[in-house]
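Hi,

Here is the model I promised to pass on.

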Amino acid sequence: MDLKNLDYREKDYIRTKIELKNITLLEVESKENFQEIRDLLKKGNVIVWAYYIPEESPLIHTPSFNIPIPLTYLDCILSGCLKISKNFARQFILNTEGWSHLLDDRTAHPSLQKYALALDLNERGPCIHQKRDIDSLLKELLADFVESRLIAGHTNSGKSNFIKTIYHTLDVKKLHFPENVEESEDIFPDEFITSCTPLLAKIEFLPATSNEKILLKLIDSPGLPIPVAINKRLKNKEDFTDLANSYVLAVTKFVESQYEATLLEESKVKRNAKAPDYQIHACIYLLDASVVESCGGLTPIDRIVLTKLTQILNVIPCIGKADLISTKHLSNLKKLVMKDIVHHQIPIQTFQEPLSDSEDDELSDTLQGANTSNEYAELLPFAIINGEEEDFFENNDGVVKRWTLERNFPWGTASVENPEHCDFVKLNEALFGTFCQELKDITREVYYEQWRTQKLLEVRGSVINDTMNKN
Ligand SMILES: Nc1nc2c(ncn2[C@@H]2O[C@H](COP(=O)(O)OP(=O)(O)OP(=O)(O)O)[C@@H](O)[C@H]2O)c(=O)[nH]1
Ligand SMILES: [Mg+2]
């Protein structure tokens with residue numbers, strides 16, 4: 001296809017020249033081929049063009065449940081890649097984003113297929129062999145399971161850094177979205193937009209832990225601003241109710257939108273057995289250590305928020321910035337938080353047996369670990385220390401930074417992965433190993449089912465009301 005025709009086909013895009021010095025070659029071709037292309041780029045007697053959509057264009061969107069990528073479109077792209085080589089097509093998938101939302105429209109009637117071939121430009125769909133290759137590549141590279149975790153909690157408690165720390169501690173094979181911002185302005189009201197994480201950010205990657213390909217979604221969220229003057233003994237709890245309620249509403253809206261996606265998938269006549277799991281399997285609720293300290297436990301805001309969040313998903317309370325608190329003090333703060341959880345009957349059931357009825361029994365049981373089912377429950381709330389970015393070296397382009405899993409103080413070093421310093425390793429183990437399946441099962445069998453029943457009752461109620469009104 002000549003440039004004129006290509007411009008015509010890509011008319012919604014802008015063609016731009018890429019400076020050769022900005023091109024990094026991936027070693028996907030044979031050594032000779034790679035050498036040949038590198039020499040061409042070195043000599044500078046080639047021109048490389050790229051088509052792009054300007055950022056402000058309404059045509060830009062991130063693949064999502066509502067706007068998935070049609071397989072017919074991928075067929076067109078990947079068959080082009082396959083003409084170069086299978087490895088090139090593989091690298092194309094590995095180095096691009098948005099693969100968790102696909103729509104198989106191959107068998108749909110041609111008029112319903114989402115991607116129409118430009119037949120006037122001689123564009124042809126993949127042949128049967130290419131389709132087979134495309135299917136085998138997608139099977140090889142795309143995730144078998146999805147694990148989603150929402151990171152919520154106090155503002156400035158280290159939520160965003162927690163995500164980066166997890167990313168740097170897991171053995172990551174492939175990064176889908178390094179820092180992909182999803183459309184969440186509508187979800188979180190203005191009062192939360194002051195925090196450093198103004199939008200819901202999502203990173204997706206595949207940890208290389210086993211043969212199963214797990215797509216891990218860590219969803220960051222804006223922080224819950226805790227007023228400085230707050231004190232849990234204050235009587236005027238109502239002052240904080242609005243703030244707590246609007247935060248709960250924002251998180252709930254997001255969690256329920258994921259349940260809705262599952263319900264929609266389940267209601268299809270022809271259900272996709274390999275439909276992705278949209279649910280949020282756990283919410284890490286980060287409490288800022290200094291706030292816990294000044295309040296001697298949970299704030300009234302936390303009590304409202306935790307009570308409501310525990311009704312819709314698995315919640316795991318954690319104390320962030322544990323490096324700023326002495327060991328003895330930290331252990332006291334943990335007890336105070338658990339005491340509040342039990343006293344206010346907040347049903348934190350993750351990692352432990354359901355609480356018994358009597359408050360005194362609950363308190364003593366939980367504090368003594370008598371009704372806990374395992375070593376993880378005894379660590380609740382998990383104490384977290386995050387890594388941080390440090391200057392690595394300086395070159396002509398400036399200072400190159402790197403992520404370190406330690407925090408240095410004049411008196412010593414706090415290490416993220418040292419179990420004597422914090423519970424990060426144990427939390428990781430529970431979240432992504434030991435309790436992975438259980439978190440999923442509870443989400444589907446308890447929280448999603450409760451939400452679904454409620455939803456169906458609401459629908460039935462409104463149908464009955466409509467009928468009665470008509471009669
Ligand atoms: N001492 C200490 N500081 C931390 C830790 N984690 C994060 N910080 C610092 O706390 C500040 C806020 O960290 P973030 O990760 O942006 O916190 P956040 O909860 O995402 O903040 P918002 O998005 O504004 O709610 C940064 O200066 C971090 O370097 C930690 O484990 N220990
Ligand atoms: Mg943040």
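Let me start with Thr155, which is partly exposed because it has 18 other C-beta atoms within 10 Å. For the cut-offs, 20 or more other C-beta atoms within 10 Å of a residue's own make it buried, 12 or fewer make it exposed, and anything in between is partly exposed, with C-beta atoms placed from the backbone. Thr155 sits in the loop that joins strand E5 (145-153) to helix H6 (159-169). Its C-alpha atom is 7.3 Å from that of Ile226, although 71 residues separate the two along the chain. Helices (H or I, at least four residues) and strands (E, at least two) are DSSP runs, numbered from the N terminus.

Some housekeeping. This is a predicted model, where local features need pLDDT of at least 70, side-chain atom pairs count only at pLDDT 80 or more, and totals for chains, interfaces and linings use all residues. Residues are numbered from 1 along each chain as its sequence is written, while chains are lettered from A and ligands numbered from 1 in the order in which they are written.

On confidence, pLDDT (the predictor's confidence in each residue, from 0 to 100) averages 79 over the chain, with 77% of residues at 70 or more. Residues 173-185 stay under 50, and the model gives them 31 contacts beyond four places in sequence. Residues 353-372 are also below 50, with 28 contacts beyond near neighbours in sequence. A contact here is two residues with C-beta atoms, placed from the backbone, within 7 Å.

Overall, the chain has 14 helices and 15 strands, and 30% of its 471 residues are buried. Of the contacts with a separation of 6 or more, 75% join residues 24 or more positions apart.

Now the cores. A nonpolar core is a set of buried Ala, Val, Leu, Ile, Met, Phe, Trp, Tyr and Cys residues joined through C-beta atoms within 7 Å. The largest one has 72 residues, and Cys283, Tyr285, Cys318 and Ile384 have the most contacts inside it. Helix H7 (residues 238-266) supplies the largest share of this core, 9 residues. Beyond its neighbours within four places in sequence, Tyr285 touches Ala152, Gly153, Leu306, Val315, Ile316, Pro317 and Cys318. A second, separate core has 8 residues, among them Leu71, Leu78, Ala89 and Ile134.

Then there is the helix packing. Helix H3 (residues 71-84) packs on helix H4 (residues 86-94) at about 135°, with the axes 6 Å apart. Axes are lines fitted to C-alpha atoms, for helices over the stretch in contact, and angles run from 0 to 180 degrees between N-to-C directions. H3 is therefore oblique to H4; under 35 degrees counts as roughly parallel, over 145 as roughly antiparallel, 65 to 115 as roughly perpendicular and the rest as oblique. Leu78, Cys81, Leu82 and Ile84 of H3 meet Lys86, Phe88, Ala89 and Phe92 of H4.

H3 also meets helix H5 (residues 128-141), where the axes come within 10 Å and cross at roughly 100°. That makes H3 roughly perpendicular to H5. On the H3 side are Leu74, Asp75, Leu78, Ser79 and Leu82, and they meet Gln130, Lys131, Asp133 and Ile134 in H5.

Cheers
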